[in-house]
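Work through the exercises below with the sequence and the 3D view side by side. Try each task before reading its solution.

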Number of protein chains: 2
Amino acid sequence: MPNAFDNHDHSHCATTGLAQAETILAARNQRLTPVRRETLRILLSEHRALGAYDVLERLADAGFGKQPPVAYRALEFLVDQGFAHKITRLNAFAACMHPDTDHAPVFLICRICHALAETAATPVRTALNATAHAVGFTVERSSIEAVGRCPNCKDAA
Amino acid sequence: MPNAFDNHDHSHCATTGLAQAETILAARNQRLTPVRRETLRILLSEHRALGAYDVLERLADAGFGKQPPVAYRALEFLVDQGFAHKITRLNAFAACMHPDTDHAPVFLICRICHALAETAATPVRTALNATAHAVGFTVERSSIEAVGRCPNCKDAA
DNA sequence: TAGAATACGTTATGATATAACATGTCAACA
DNA sequence: TGTTGACATGTTATATCATAACGTATTCTA
């Protein structure tokens with residue numbers, strides 16, 4: 001599976017992502033309405049996080065409503081259904097790169113080019129659960145977000 | 001070392017925290033001015049995260065300025081110097097419980113009572129670095145925040 | 001003590017997010 | 001097949017979080 005830092009056929013990401021969403025949502029009897037579909041397409045079109053107001057602007061350009069709740073509601077739906085994530089450090093949203101598998105992902109955010117990768121969380125999550133367990137805490141949800149330099153920007157300041 | 005979920009002599013947290021800050025800042029030639037001191041005292045007075053406007057209100061009550069930059073600047077200073085952390089998931093700030101040691105902490109946020117604990121990060125950070133390294137990413141800073149139930153609230157909904 | 005650096009206070013504005021309510025769409029079924 | 005109820009979309013208005021820009025005061029240091 002490619003990640004955001006590889007060169008890859010990016011058009012593939014969007015078509016695959018939309019197709020996956022269609023299938024999964026149909027199975028759940030949930031509707032991928034036009035606004036929701038366009039919102040997901042917008043997020044899939046970049047391997048970076050977009051602010052709700054960026055998404056809103058693009059939705060408005062595509063003929064949908066111009067007011068914040070339009071974007072926030074579509075984003076909330078996609079997050080609830082596992083097709084997008086909120087990156088709390090950035091107050092921004094990104095398409096999920098593997099809605100079919102394991103969740104509680106780790107996000108790697110490039111400080112230079114703003115690329116965003118979503119990586120395998122298992123070992124990190126295991127460590128987090130152990131740490132929490134040691135003080136009697138039960139983890140329900142977690143955000144693990146790292147800022148740094150991606151391989152393409154590793155020599156930059 | 002007690003954590004937020006233990007019963008402990010809480011007045012101790014504030015006095016120790018302030019004393020530590022005095023000592024460490026003096027050694028760095030940094031000034032713990034009255035606003036900064038009061039801000040730290042406010043954060044230390046609770047084992048939970050406070051929003052900047054909550055802090056601001058208490059600062060105003062204590063006779064300091066009433067405008068947002070007053071709180072944000074003091075908080076920024078404390079974060080820079082390692083005496084407070086921003087909890088991005090909550091858009092809120094909390095006193096650091098061990099400004100003297102290892103950083104890049106893990107935060108455990110109780111969904112029920114809003115208590116906040118800052119725990120040993122080493123194993124989680126190790127796992128995160130390994131995960132990042134596998135895709136060629138260099139971690140510079142990270143936030144690891146878990147929401148769930150603390151031992152005192154584990155039987156609640 | 002003059003000048004530079006730092007800190008504090010204010011006004012104003014920007015950025016992110018949601019409450020509340022009206023209108024529109026669609027599927028189930030009486 | 002028309003009504004109903006659930007869900008979705010759109011709007012207005014407002015809440016919440018954060019910073020830019022500028023003037024004044026304090027502190028440090030030469």
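**Exercise 1. Decide how many residues of strand 3 of chain A are buried.**

Solution. Start with the terms. Strands (E, at least two residues) are DSSP runs, numbered from the N terminus. Buried means under 20% relative accessible area, exposed over 50%, partly exposed in between (1.4 Å probe, protein chains only). Now count: five of the five residues of strand 3 of chain A are buried, so the strand is largely enclosed by the rest of the structure. Next, check the directions. V106(A), L108(A) and C110(A) point one way, F107(A) and I109(A) the other way, and all are buried.

This is a predicted model: local features need pLDDT of at least 70, side-chain atom pairs count only at pLDDT 80 or more, and totals for chains, interfaces and linings use all residues. Residues are numbered from 1 along each chain as its sequence is written, chains are lettered from A and ligands numbered from 1 in the order in which they are written, and side-chain values use heavy atoms, with hydrogens and water left out.

**Exercise 2. Find the strands that pair with strand 3 of chain A.**

Solution. Two strands pair if DSSP finds at least two bridges between them. Take strand 4 of chain A: four bridges join it to strand 3, and the two run antiparallel. Then take strand 5 (residues 138–149) of chain A: it pairs with strand 3 in the parallel sense over five bridges. Here F107(A) has E145(A) as its bridge partner.

**Exercise 3. Is C110(A) buried or exposed?**

Solution. C110(A) lies in strand 3 of chain A. Its relative accessibility is 0%, so C110(A) counts as buried. Contact means heavy atoms within 4.5 Å. Leaving aside neighbours within four places in sequence, its contacts include C150(A), C153(A) and F137(B). UniProt, in an unreviewed entry, lists C110(A), C113(A), C150(A) and C153(A) for "binding site". These are spread over 44 residues of sequence, yet they cluster in space, with a largest C-alpha distance of 8.2 Å. UniProt positions follow the numbering used here, feature names are shortened, and annotations may be inferred rather than shown by experiment.

**Exercise 4. Describe where chain B meets chain A.**

Solution. First, the residues: 35 of chain B are in contact with 35 of chain A. Then the charges: the rule finds four salt bridges across the interface. A salt bridge is a side-chain nitrogen of Lys or Arg within 4 Å of a carboxyl oxygen of Asp or Glu. One of them joins E140(B) and R149(A) (2.7 Å, N to O).
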